Amino acid sequence: MAELHIIGQLVGATGFPHNSLFCKWGLNAGGAWRLLSGSKQGQTQVDNPQTGDTAYWSHPIDVHYATKGLQGWPKLHLQVWHQDSFGRCQLLGYGYCHVPSSPGHHRISCATWRPLGSWREQLSQMFVGGGPQLRSPDIIYSGADRYRLHTEAMGTVQLELAVILRNFDKYGVDS
Amino acid sequence: MASPSAIRDKLRKQRRSLQETLGKLKREGDDEQALFPSSRLSEESLQTTMRDAQSSEEDPGETLKQKLRAQRQMRRKRLLEQISTQEFPADDVQELASARHLSEDEGSSKRTTDLQRTSLASKAPKSRASQQFDRFVTRRLEEKLRAARSQGESLQRQEASEVDASRLRGLRDRTTVTRSDREVDSEADSSTQPVPQAASSRVKFQESSKCVEKERPTTEEAYNFFTLNFEPEPEPEESTSGKSQKQRKTGEDGGQEPEEAEEPSPEQSQDRNEEEPLMQDEDGNVFVIEQTSKDFVEVKSAEYIGLRALALRHRALVYTPSSQTVPISVKLPENVRPRYLEEEGLYVGERPTVTSTNENILENRILKMEEGAKWFGDDGRIIALPDPIKESSTRPPLFHMEDDLDPALQTVYRKPLNSRHVQQHSTDAADGVAEGRYQLDVDVSGLIFAHHPLFSREHVLASRLAQLFDQYLSRQRNNLAEHLTDKLNGLRNTMRNMLEIHSELSLSQAMQQRIVEYSVEVKNTRLLRDGEQEKDRMLLKSLIKVWKELKALREFQKFANTPYKLYLRRENVDRQSDERQYESDILSEVWELEAEGEVDYQSKLAEYKKQLGEWKAWKRKQKSKKKKRKKKKGQTQDETEEEDQEVSESEGPDEEGPPKPEPPEKLDFEVIKQQVREKASRIRRKPGEANLIPELTASGKISEAELCPRGELARREDVARRSVFIKILYNDKEVSQTNSRMLTSDFRVHFGEIFNLKIVNCPRSITLQVFEEVGSSCLLLAQVYVPVPHSSVLPANASIEEFEFSSNQRVMFDHEGVGSDVPLSFTAEGSDNVILLTSGKVSCCVSWGVDEDDVPLAPPMSQHPSILHGGVGPVDAISHIGSSGDTKKISEWAMQSRLDPNDPKNASIMQLLKVASSGEVTAPDYFRLEQLQEEFNFASDEELAQSRRFRLLALRNQEVPEFRNYKCVPSREREVTDKVFQDYEKRLKEGEIIDTKEHLDSHRALVAKYLQKIREAVIHRFLLASHHFLLSDMVIEEEMPCFGGAHLQRVPDRHLRDGGAFLELRNPEPIEMTGRAELLMILGLNLFHLAEPKRPLKPQRKERKKVTAQNLSDGDIKLLVNVLRAYDIPVRRSQSSKAGQSQGAIQASDWLISQVQVRPFVEVSFQRNVFQTTTADGPNPCWNEELQLPFRAPNGDYSIASLQSVKDDVFINIFDEVVRDIGMSDKDKDKGKTLHTRVEKHWLGSVKIPFSTIYAQSRIDGTFKVNTPAVLLGYSKERSSSNTGAYEAMQSLCQGAFITLFITIEPQLLPGESIREKVGLLTCRHDDSH
């Protein structure tokens, strides 16, 4: 039984139209994977950068998986939210990336997007906030036919992940 | 800085001198050859002079200059050597040499100044402005030179023009040829280049200018530079002049101008060379030239070339293809006719559209090219690929985005949410129920009472009648009897047919089997039919009976309360055919019965015969035995008496064993017939009797109120007072209620209200509560549980269902109302009592709602497993079976249950079976979610489950108590032993077994188990909750000391309370990590504290920083015990009272001891650590000592829950230190006396403080009563010996010793909420209840 350790952090985010960002994250793995320890989802604090537009969270991720197969390699999905001056939260972007499959330290920048509503929704988004959100957030990481979805590019989320593999070579997976 | 006019003057002078020099130069050109040999010598002398100049000047910045100069001279030497060695036209070399000579010979003083200038130039940064300026100057000078050249040329022409021309040519040649291989020339060349190149590269220019400094060009070169190179490119000069003008201006504005102006450019220095003779006389100021823009700027008109001229020029250079159509003959090779592939029937793709003019232009152009013809195809047109543009766009249009978007992709516009709400959604949980998108429509249409306390007798009968009629109608609808009769007839016919066909032939085994099966079937069906017919008959009879009773009652009471009327419609039948049918029916039944009887008889007979045979055999045996016995008896008369007894005993039971079987009775045909007839007359309509069809109508009239007696009136009034409403409860919470409706005389209430319930929680139950309202008081009649509909149930396909309810409340009235739960009799003598309970039916309909777009607001099925179990709506069971694909089972079942293939009810199953049997339905017997998962698995699930290490890790992660603080999980599987799990598994096992031994009775054991479960659940919840943090848990606002010194103020310096907590964040509230400036206010407040008096002698305990117990380890926590003082410690009794003590030698010490009342010290013990204070004197000692006791949490678990459960106590014991003399040692008698003393500690009392208290209180500060034994041998209260004053008397009330302590934990820990107490409380309460 191979094991996979993911140790890292959600460093921060850049390029978002607003400050005061926080991020909800989750790890999604296939049926062959078993979470041994660590939490596979979480939420960062709200970071409001004083200078520059990079929000730093430095949110730790520490997960230990055991697996009996390669299918469904863990995926990390993110939702970047913005907390405005009234304390309201609105979605700024969805993003997703695979956990790197090679051992070692990885810097990942995960581009995010958000759905674009109709012009009316965009207008109200501009004035009163809020915005369209996916009904089912699992299509962030599932490959539904998204070509009908109109989205808008948002910023990128920086991640640093260290991956430790164990016993994969026993099963013929060269690492 | 000199005035511009002065500069202008100087410039003019320069120009003049330049001209003169030039003239001179030309003149000197003649005697160059003579001068050349001495050039080297002169140069050497020059060097020395230069050195002199340097030393005299003593400029500190000269070192650089010196280097430069040295380099330059070295180079020059080399160059000169080169020149001499390389065979060049003698003219050139001579010229060069002469020029150098000229310049260098002009006087050493000039040279020095010149050098100064160059050094200046090298020193000063070559700013852009200066360069531009230089260039400008150069050009001006060049213009002058041009004039001079013309003069010179004329002069030369006068002399030997031939030689001159060749020389000039040679110079030019040289510049081209030697550019790369000779330094001098490259430098000279670069010095000639800068002006045209300046616009493009300034850096280059700088370099070149440096080079120029190093290598001063000869006059000839300078001349060439000025005369030759600029002619072909006049335009760049213009642009540079424009630029220089601009930059000049900026330089003036900038104020740096003077220095820049003073910088002499290399060009200038070259010029100076030429004008040096004139400059000699002037002072040094001359070289500080200050110039104005006017001196450099020349206004020129824009160059314009007329259109026509331009066109003409272009015509020579540019070819413009015409847009005329090219004749085909030109495009094709000669004598070739165009060939059109299309006409030949070959497919030719559509060409991309190009306008004809463009095509013509292209063709014309191509034709002009070499091999132009190859671009043309056979048809004389340009070869082209087919049009690549697709007719329709590949990407579908996005006009109607919302319409048919995949529901998974649909977006919802969400208003910005407050953080509280945001928290509820988890990232990956698609818990749609929580989003409130679902809607349940509850349609409460009405209510019918089957019985109500206010029913009159007539109502009771009427409702019974109505019920019976309903039953009749439903039976009529099903018409089971008819159906069964048909079936029976069908079966009989088949059987008869079969028998007829095969009557002559001997029946095969299979046939016989079938016939037997058929006859069994017939029998069963007949029985069923008889039952149904009987029921029908009975129903009709009771219907008529009730109606008769009702009529009788109405007649009796002389008024009518109900409108029901029963009509019996007679349907006359044809008597003869009816009789015939009846008879034939009976006959066939009799036949069948007879046949069955026959079969039965045969089997019984066979049985009988068998039994009889057995019996006979037994009998025979018996007889033979008896015979034997008789013989025996004859032989031994005496002995056999006993034996006989035995035999008779043993044979006794045998005789009773097989009784003699009765022969079966042969059934009598007549008897059967009689029986059948009796039955038929009982359950069936008599032949010829009219078919009675009852019809119930509500057409009757209800009697007016005035016709009714008093009791009835009261009842009616009571009915009118009452109203009914229904409350709707969703998940046991009231959500809505209907309007209350008046109860009418027919006890039917119509509501007709639809309630749309927007659902947030998963539906568990929908309850309707029927309330009766009398005046202002409400009475709950009954509750009706409505099943939650299947998610496919929508308003369109939902049907109204009736749900029965009843209540067992006893209601009695003094009027005509019959009441409820009251015995009621309709017979006059009071027998045949019935007890009626309030009951009725609510008709309602629950379905999932739809929104405006007809999208069902129902949850997907998988989310409600409870619903699937509970309320299954009208679901087609067969389709469900079919969908499961288990056709084999269905066919088996169909075989077993002998489905009637002709029954329309079974049509779908038959269809399915047919399909299944004919077509190969090869559905896999399983469904896999993740395909190919198994094929690629490394290991099986079992292996994964067996791994002890993984199990250990997972259990630790789940925070199972045994493993919660398991620190080191081994990295290898084999290092994890099964022992680790023993405790855990044992606990799991014990969880199921209830041990009754430990408790008095089993009930207690159960309760204890239950409590244990609750405790675990609470602890689990607490653990879960401990991962959820509030802002105050995570952020600490540091306190900052302010002016007050001892006083502390809150300051908004926030930081995380505990790093460890932050690492464990699961779903925190969004925290803002920015501080807020509230400093001003605090400052204002603190000003007041300044006025307060300072009390340095009154120390106060400061508030310390609190630490959550998470990132702590052993040894981090210490218990601080500050023992301050004690009061009223018991004192030793006077020694005199002690008996058995030797007087004399000890007297002295004894006296001393007796002087000491008591010498107490305090010993603090905690977790096996013992610390003690120093010893103090007297009954009121003051120690004021601080003891630090290390603290270790159990299992190294420093979480709040664990700390709360620490059960250790702090023991504070007070001892008296007694020094006893144990006498002199005998050994040392000769050497002298050694006194041996023994220190004894006498326990006086103790105080016990539990750690949990300290933890909960975070500190303990106060005076405690010391627990002293009632009698302390050898000690007494001090008070007794001292004088007794009023104060002492007061004190004596509170007896005992006291100790003042201060205990706290270092560092200060955050006390958590005490769950343990709650659980404990619960335990107490639970115990009380039992």
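Predicted model: local features only at pLDDT ≥ 70, side-chain atom pairs only at ≥ 80, totals over all residues.
Biologist: Fine. How do you know what span to expect for helix α23 of chain B?

Modeller: Helix α23 of chain B covers residues 509-557, which is 49 residues. By that rule the expected span is 72 Å, and from first C-alpha to last the helix reaches 72 Å. Just after α23(B), B:K558 takes a positive phi of about 65°.

Biologist: And how far does helix α22 of chain B reach?

Modeller: Helix α22 of chain B, residues 480-501, has 22 residues and reaches 31 Å, close to the 32 Å expected.

Biologist: Over to the strands. In what order do the four strands of the open sheet in chain B come?

Modeller: The order is β23-β19-β28-β26, with antiparallel pairing. Strands β23 (1182-1190) and β26 (1259-1265) stand at the edges with a single partner each, so one side of each is left without a neighbour in the sheet. Neighbouring strands are turned by 15° against each other on average, direction ignored.

Biologist: How do you know that β19 and β28 of chain B pair?

Modeller: Pairing takes at least two bridges between two strands. Strand β19 (residues 1118-1127) and strand β28 (residues 1298-1306) of chain B have nine bridges in the antiparallel sense, so they pair. In one of these strands, β28(B), B:I1299 is the bridge partner of B:A1126.

Biologist: What is the secondary structure of chain A?

Modeller: Chain A has one helix and 10 strands. Along the sequence they follow the pattern β-β-β-β-β-β-β-β-α-β-β.

Biologist: How many of the contacts in chain A join residues at least 24 apart?

Modeller: Take the contacts between residues at least 6 apart in sequence: 75% of them join residues at least 24 apart. A contact here means heavy atoms within 4.5 Å. Of the 175 residues in chain A, 57% are buried. The accessible surface of chain A comes to about 7,000 Å², and 50% of it belongs to carbon and sulfur atoms.

Methods:
Residues numbered from 1 in each chain as written. Chains lettered and ligands numbered in written order. Heavy atoms only, no water. Helix = DSSP H or I, 4+ residues; strand = E, 2+ residues; numbered from the N terminus. Expected span 1.5 Å × (residues − 1). Axes fitted to C-alpha atoms, helices over the stretch in contact; angles between N-to-C directions. Buried < 20%, exposed > 50% of the residue type's maximum accessible area, 1.4 Å probe, protein only. Areas by Shrake-Rupley, 256 points an atom, 1.4 Å probe, with all protein chains shown as cover.
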